[in-house]
Amino acid sequence: MKRSQTAFVCCLLLMILVFNLDLSQIIAGEGKQASSAKPKLAGARPVIHAINYSSIQEAIDAIPAEGGVVQLPPGKFEIEEPLVITKGDVLLIGSGSATHIHNKNETGKDAIAIHPPQDAKLPNGKPDPKPRIWRVQLQNFRLTGNEKSGRGINAKWVQEIYIHGVTCSYHGNDGIFLDFCFEDPRVSDCLMTYNKAVGLNLLGCHDIVVSANQFEENLDALHCIDGYNLCMSGNNLDDHLRDGVIINNTYGSIVCANMIEECKGRAIVLDNECYGITLSANVIAHNGSGIILDDAHGCAVSANTFTLLAADALKIGPKSGRITVTGNNFSNSYIGKGHVKRRTNDLKAAGLTLDRTRGVTVSGNLFASVHPKAVQVIEPTTHVIFGNNLLIDVESDHEKLTNSIIKNILVAPAEPVEPESK
């Protein structure tokens, strides 16, 4: 044996003695991650590093029944079958946008599918009629598809799902679909863009947090259907090909402090027996229309800024009532001294439409230079309190309200234009 070979063997034996390494694992070389190394911390399980496996799915399958962490390395990983997670207490974590999973499938298959195992059983061994898995987290990676692929993330019956810091783009269906993930779903700090259907589609979910996300140029930004307790705040929605936020058959929710701009259709819609919902402190700007209450009761619309809406900045329809409208600003792009910021071909700015509704309070709002009218009344609209509102440079139908209280209304012309100082 040569001297260099002898030195290598001596170093290897020394490492085995000092670090308590398993010689069989060293001989195995580049195979799967070492699983027999015993951590010193009682109860600890080692992190599964996907770089040591032949596929991401193989790394996911290595998660023990008790759950675990799969760490994804930087790189672009192309898939044609969904990555399937059927265990709870799982964290799939990437290395930021440097971890890029691309779905090449062109037959409508999803990129990531999360659901209980099909053969889930009760403790007595019988099939579980209502299988659930708990606490799955997806974090810090980029997920893309193509116009013929399915959803980006499709999760069903996953309780306490948490999606954070994920970019989900270019899928042929929804970006993220949470299907009856009804216990405390959370989606935060994600980017959902250019998906052919809905950026975030929530069906049958409860106690939902959707916060600090960005949505751009999906068909619709967000759907919340058959749910309750949606808390949607601090999100930015821009350039959607149809609508912004669709809330359907949902109660007890809040949509606040969001920026909703340039949806070709409606910014926010409440329909199909919605009730107990607050829409507050949102900027609703330059959309086809603004907040549309098609079928909503017991809701508050407060402190929103409605600017440059092509039609119906706020519309309360015939199936809606018991609505409070307070402290909102309906305006165009006026910036003072007789000037508007927008070009003359971009001056549309709509007001409030009361369409055969009943039981509405409209108080403390400002309507300025909106057209065709500050308030359009479609009869019969009755039992409205219309008070303490300021109307500047507008026409209004509020005098048509019947069986209503109309008082403390200040109607003013446009501000006089001051001469430019020399």
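In what order do the 12 strands of the open sheet stand, and is their pairing parallel or antiparallel? The points below take that up first, then turn to single strands and residues. The model is predicted.

1. **The sheet.** The order is S4-S7-S10-S13-S16-S19-S22-S25-S28-S32-S37-S40, and the pairing is parallel. The edges are strand S4 (83–85) and strand S40 (375–378). Each has a single partner strand, so one side of each is left without a neighbour in the sheet. Neighbouring strands are turned by 10° against each other on average, direction ignored.

2. **S13 and S16.** Strand S13 covers residues 176–179, and strand S16 covers residues 198–203. The two run parallel and are joined by four bridges. For a landmark on this pair, take phenylalanine 177, which stands opposite asparagine 201 in S16.

3. **S28 and its cover.** Strand S28 spans residues 289–293. This strand is mostly covered, with five of its five residues buried.

4. **S28 and S25.** In the sheet order, S28 stands between S25 and S32. Strand S25 (residues 266–271) pairs with S28 in the parallel sense, over four bridges. Here arginine 266 has serine 289 of S28 as its bridge partner.

5. **S28 and S32.** Strand S32 (residues 311–316) also pairs with S28 in the parallel sense, again over four bridges. At this pairing, leucine 293 stands opposite isoleucine 316 in S32.

6. **Histidine 398.** Where does histidine 398 sit? Its place is in the loop between strand S42 (390–392) and strand S43 (405–407). Is histidine 398 buried or exposed? It is buried, because its relative accessible area is 6% and the cut-off for buried is under 20%. The side chain of histidine 398 also makes a polar contact with the side chain of serine 396, at 2.7 Å.

7. **A nonpolar surface patch.** Which residues form the nonpolar patch on the surface? They are Tyr334, Val340 and Leu347. Together they have about 210 Å² of accessible area.

8. **Tyrosine 334.** Why does tyrosine 334 count as partly exposed? Its relative accessibility is 33%, and partly exposed means the range between the buried cut-off, under 20%, and the exposed cut-off, over 50%. Residues in patches need over 30% relative accessible area, so tyrosine 334 at 33% passes that cut-off.

Key:
Residues numbered from 1 in each chain as written. Predicted model: local features only at pLDDT ≥ 70, side-chain atom pairs only at ≥ 80, totals over all residues. Heavy atoms only, no water. Patch = residues over 30% accessible without salt bridge, like charges linked within 9 Å, V, L, I, M, F, W, Y side chains within 5 Å. Areas by Shrake-Rupley, 256 points an atom, 1.4 Å probe, with all protein chains shown as cover. Salt bridge = Lys/Arg side-chain N within 4 Å of Asp/Glu carboxyl O. Buried < 20%, exposed > 50% of the residue type's maximum accessible area, 1.4 Å probe, protein only. Pairing = 2+ DSSP bridges. Axes fitted to C-alpha atoms, helices over the stretch in contact; angles between N-to-C directions. Polar contact = N/O pair within 3.5 Å; in protein donor to acceptor, adjacent residues only side chain to side chain.
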